[in-house]
Amino acid sequence: MTEARLPQEIRPALDNGVPCLMVTCSADGTPNATVISQVHYVDDTRVALSFQFFSKTIKNVRENPRAWAGVMDVVGQVDWLLDLEFERSETEGPIFDAMDMQIEAIASATGMSGVFKLRAADIYRVLSVGKRPF
Amino acid sequence: MADPEGPAAQIARQAAELQILQRVASEVNATLDLEEIYDIALATMGELFAAHHAVILLLEPDGQTLRVVASRGYENQAAGGRVRVGIGAVGIVAQKRRMLQLGNLGQQRAYASAQRRQMMKAGRDSEVGDVVPVPGLPNAESQIAIPLLIRDELVGVFSIESPVRQAFDAHDRSLVTIVANQIASAIRNAQLYDERRRAADALQAANASLEARVAERTAALQRELRIAEDLLQQARSRVDGPLLGESAAVRTLRDAVAHEAIYRWPLLLTGPPGSGKEAVAHALHLGSGRKGAFIFVSCPELQTQNRYVPGAPARAADRSLISKFELALGGTLFLDAVHELSIEHQGELRGILERHSGDVRVVASTPVDVRTIGWLAPLFNGRAIAVPALRQRREDIPVLVDHYVRKYGRQLGKQVEGVSPESLQRLEAYAWPGNIRELTAVLERAILVAKGPVIEIDEESLDNQLSVGSYRLISQLGSGGMGEVWLAKHRLLARPAAVKLIRKETPPGAAREQLVRRFQREAQVTARLRSPHTVQLYDFGVNDSGAFYYVMELLQGLDLQRIVNNFGPLLPERVITLLRQACRSLAEAHEHGLVHRDIKPANLFVGRLGTEYDYLKVLDFGIVKEQPGRGGHDAAGSTLLTSPDLVQGTPAFMAPELVFGEHPIDGRTDLYSLACAAYWALTGQLVFKASTPAQMLLHHAQTQPALPSAVSELPIPGDLETLLMQCLEKDPAKRPASALALDARLARIRSSDPWTQDRARGWWDAHAPDVVAQTTTS
């Protein structure tokens, strides 16, 4: 499987709390689209997606590791389109903590702690990166 | 933020940053002042990240709250704002103790808020909590919050914010981390220093408080010690004072005390009044090593307790000698003025000494010549210590003066060194008729009025000490519950006299003035009496200390109480002779409308007048009461000694009407009392026996007395007995009509062996020759 590198200009679209679209597909080929709250920059070949309350998505990923995510740079008015492959899921460690702190920092002050609860940080390898203006 | 810049600019920027960081490290480590540390940290942020905002929050002692202690760049970010641990970016950083960097806060806040609104709109209110305001920049987009940690211990949070998205990069994070580490360490050092300084201050305050308490307690203990020392000194001086000195007389006295202290037999102390007999008794007690108490009994007061005092509880045990004896078990019973003991108490004492010899050391004192008290000498088997008069030990006066000056100086709080040499000479030359008691009174008064450390005592103050009116007091003849009787001499005429001092505690004011006026009136009335059988009143007045005094003729002899106490009942013919003289005195008084009201053996004085023996004088006419309508003076008023707060009479000799007021008081009241005195003289017993004054008074009112012949060992003529029983009638109308009538009836009683002057002289020569010796004290 090929591997793509994330460009620097994608960073404003990551870790910004703006929900993004995520699409997965079950083993029998049934697609599922959902919105996730955070795409976290891990390194220039990986991102971490927050696993919060999407049981269908995680079921699909466990059956079929391929996924697709679209993140927005609202200021730059650019959509970034990422082909991803599930690598592992972390419920502790630096990546999980960093994502959890970011979510909790906002959620705690807005009364959303009970809603924005990070259950796991799913690490995906970036297979390809594309972009298109709004 | 990583702006595009060339390598040279980048190197220059990094060099500048390095300089700043070095300076920060140097400055924050050079101070222990927290405010200064905050200023340095915030100023550094300004230099590193121009136009950005920085805040320092410290963890409160509760561990749950962060408090803003310093900030920079905020419009409304005053120090003192608080945020809970776990809330907002700084709260999460404090909770997780890890750095947090945020770059798109605006979008995140907007999304969270939108989600919140949607959920609430969808009726999912219960799933969302309250919005919590967090100190910080309202429109912040970027934030780096770093925990201030010292060895994993959270001190606070350091946070910088920017309204620009993604304003901080990894380099900025490193810079902030370096600064945060520096200030965390500096803050902790300053906090520790502050804590130690506070602890030191608290310790110092505690020490100061402790020192103050210790000083206060020490002062209190010193005061208690001084009081204890004073008490000890007083106790010692009570014993030691009169025995101080090196004269032969006092050395002999001390030797005698040391010799006698170890024995248990009864001991008599003789010596003039005020010579220190009580102190000698104390010394005997201390020297004996006996563990029991030293019990002081004033025999005259024991007698006085027999008197009827309105309102005073009558307790038989109070009057009992045996009750005092029981208190003194294993110790010493001191009977002061033992010669004043009544026959009843004499018997009690005799029984005590016979049955309980050794249980209690009985020590008695008397200023009277023992030879004149027949019953006393046998009880003590001649064992006696003579306490010398002060004039017999003049060489001790300087030592005594020194001792008492220090004692009274201490007691009165005066800084005194001693008496002047001239004063000491005067004291040594003075006769001291009042002995050590007079010396102590002189010194106490002199110290009280002293204006300097050296005490001056002039001749006048010595004279004033013991003088009333124109009379100088020579020596005390006796004392009792009412006051003292002194041998006195007129200053100019040198005429001897007896002075009776009556102590009556009355505060100054109208009541006292009224009392003085009444006293004067009574004395004036008494002075009108001319009967040779009435004691003559020479003078009267009130002395400097407020005591009333009468100056009377000096009599040689003994009162009837003492004669019977000492020598037993009298022969009937002698009693008749004495009663007739009393009748003549009373007749004149009654003629003037005066009722004596306190006729009793102690007020019938028998002795020698010129060449006549058994000459009787009625004493204490100063307490008579005028009969209504006859004397013309304040007929309804009470007399000096019968005012409500004083003794009204002696129950054993009191007529019923005097107590219960069923009949008017007149001369026949005195005749009843005179008959009681005669009963006593003939039989040595009271008309009635009673254990309390109230019982005695009831007997007088209701009980028929026993015939004197029934209780007497001596034969009593029937007509005398009949006459006395008539005088003892409850109804005054059944008594002889007057004193003269009684005198006439007495005169008609024939005796086979009349009482003659020869017999009287023989009696006095045999029993009390010194008392009626021709030469009187000069």
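## Chain B: overall build

Among contacts in chain B between residues at least 6 apart in sequence, 72% link residues at least 24 apart. Two residues are in contact if their C-beta atoms, placed from the backbone, lie within 7 Å. This is a predicted model: local features need pLDDT of at least 70, side-chain atom pairs count only at pLDDT 80 or more, and totals for chains, interfaces and linings use all residues. Residues are numbered from 1 along each chain as its sequence is written, while chains are lettered from A and ligands numbered from 1 in the order in which they are written.

Chain B contains 26 helices and 24 strands. Helices (H or I, at least four residues) and strands (E, at least two) are DSSP runs, numbered from the N terminus. Of the 778 residues of chain B, 40% are buried. Buried means 20 or more other C-beta atoms within 10 Å of the residue's own; exposed means 12 or fewer; partly exposed is in between, with C-beta atoms placed from the backbone.

## Nonpolar cores

The largest nonpolar core has 88 residues. Such a core is a set of buried Ala, Val, Leu, Ile, Met, Phe, Trp, Tyr and Cys residues joined through C-beta atoms within 7 Å. Val157(B) and Ile183(B) have the most contacts inside the largest core. Beyond four places in sequence, Val157(B) touches residues including Leu57(B), Leu66(B), Val90(B) and Ile146(B).

A second, separate core holds 77 residues, among them Ile576(B), Ala677(B), Leu697(B) and Leu742(B). In soluble globular proteins, nonpolar side chains tend to be buried together.

## A five-stranded sheet

Five strands of chain B form an open sheet in the order E8-E9-E10-E7-E11, with parallel pairing. Strands pair if DSSP finds at least two bridges between them. The edges are E8 (294–298) and E11 (384–386) of chain B, each pairing on one side only. From one strand to the next, the twist averages 20°.

E8(B) pairs with E9(B) (residues 332–336) over five bridges. Here Phe294(B) stands opposite Thr332(B). E7(B) and E10(B) share four bridges, and E7(B) and E11(B) share three. Leu269(B) has a bridge partner in each: Ser365(B) in E10(B) and Ile385(B) in E11(B). Helix H7 (residues 277–288) of chain B lies across E7, E8, E9, E10 and E11, running at about 170° to E9(B). Axes are lines fitted to C-alpha atoms, for helices over the stretch in contact, and angles run from 0 to 180 degrees between N-to-C directions.

## Helix H18

H18(B) (residues 560–567) is mostly covered, with six of its eight residues buried. They are Leu560(B), Gln561(B), Arg562(B), Ile563(B), Val564(B) and Asn565(B). These buried residues pack against helix H11 (343–355), strand E20 (556–559), strand E22 (604–609) and helix H21 (667–683) of chain B. Gly568(B) follows H18(B), with a positive phi near 90°.

## Chain A and the interface

The contact between the chains takes 25 residues from chain A and 30 residues from chain B. The chain A side divides into 13 nonpolar, eight polar and four charged residues. Ala, Val, Leu, Ile, Met, Phe, Trp, Tyr, Cys and Pro count as nonpolar, Asp, Glu, Lys and Arg as charged, and the others, Gly among them, as polar.

Within chain A, Leu81(A) lies in strand E6 (residues 78–90). Leu81(A) is partly exposed because 14 other C-beta atoms lie within 10 Å. Leu81(A) and Trp68(A) are 13 residues apart in sequence and 7.4 Å apart in space, C-alpha to C-alpha.
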